[in-house]
Amino acid sequence: MRDSEQWFALLIDSRFQGMGLGTFLLNELKKTQPELNGWVIDHENDLKQNGKPYLSPLAFYKKNNFEVLGNFRIENEKLSAVKIKWHSN
């Protein structure tokens, strides 16, 4: 909990992406939390250590019913990201 908001981070090794693990983990979190907040890189301008482009997970979070809060951003020399939020109905 930070600033009275529930935050999360989810990292899935690229070898295991596309198998439903991320959606499974999010659904497990959603069972116990009324709200989830996170930061997501929303561009594909950065390279990973192996030289391949870092693919933004923003479409994944939209598919999992997260709202993109475009007015809340982190912008600095190391990171450019947008805030995302999910809340139960």
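Visitor: How many salt bridges does the count come to in this model?
Guide: The model is a predicted one. A pair is counted when a side-chain nitrogen of Lys or Arg lies within 4 Å of a carboxyl oxygen of Asp or Glu. By this rule the number of salt bridges is 7.

Visitor: Which residue forms a salt bridge with lysine 31?
Guide: Lysine 31 is exposed, at 63% relative accessibility. The closest N and O atoms are 2.8 Å apart, and the partner is glutamate 28.

Visitor: Which side chain of opposite charge is nearest to lysine 30, and how far away is it?
Guide: Lysine 30 belongs to helix H1, which covers residues 21–32. Beyond its neighbours within four places in sequence, lysine 30 is in contact with Leu36, Asn64, Phe66 and Trp86. Lysine 30 is buried and has no salt bridge; the nearest side chain of opposite charge is glutamate 28, at 11 Å.

Visitor: Is lysine 85, which meets glutamate 35 in a salt bridge, buried or exposed?
Guide: The N to O distance between lysine 85 and glutamate 35 is 3.7 Å. This pair links distant parts of the chain, with lysine 85 in strand S3 and glutamate 35 in strand S1, 50 residues apart. Buried means under 20% relative accessible area. Because its relative accessibility is 16%, lysine 85 counts as buried.

Visitor: What is the distance between the closest N and O atoms of arginine 73 and glutamate 75?
Guide: Arginine 73 is partly exposed, at 34% relative accessibility, whereas glutamate 75 is exposed, at 52%. The two form a salt bridge, and the closest N and O atoms are separated by 2.7 Å.

Definitions and conventions
Residues are numbered from 1 along each chain as its sequence is written. This is a predicted model: local features need pLDDT of at least 70, side-chain atom pairs count only at pLDDT 80 or more; totals for chains, interfaces and linings use all residues. Side-chain values use heavy atoms; hydrogens and water are left out. Helices (H or I, at least four residues) and strands (E, at least two) are DSSP runs, numbered from the N terminus. Buried means under 20% relative accessible area, exposed over 50%, partly exposed in between (1.4 Å probe, protein chains only). Lys and Arg count as positive and Asp and Glu as negative; His and the chain ends are not counted. Contact means heavy atoms within 4.5 Å.
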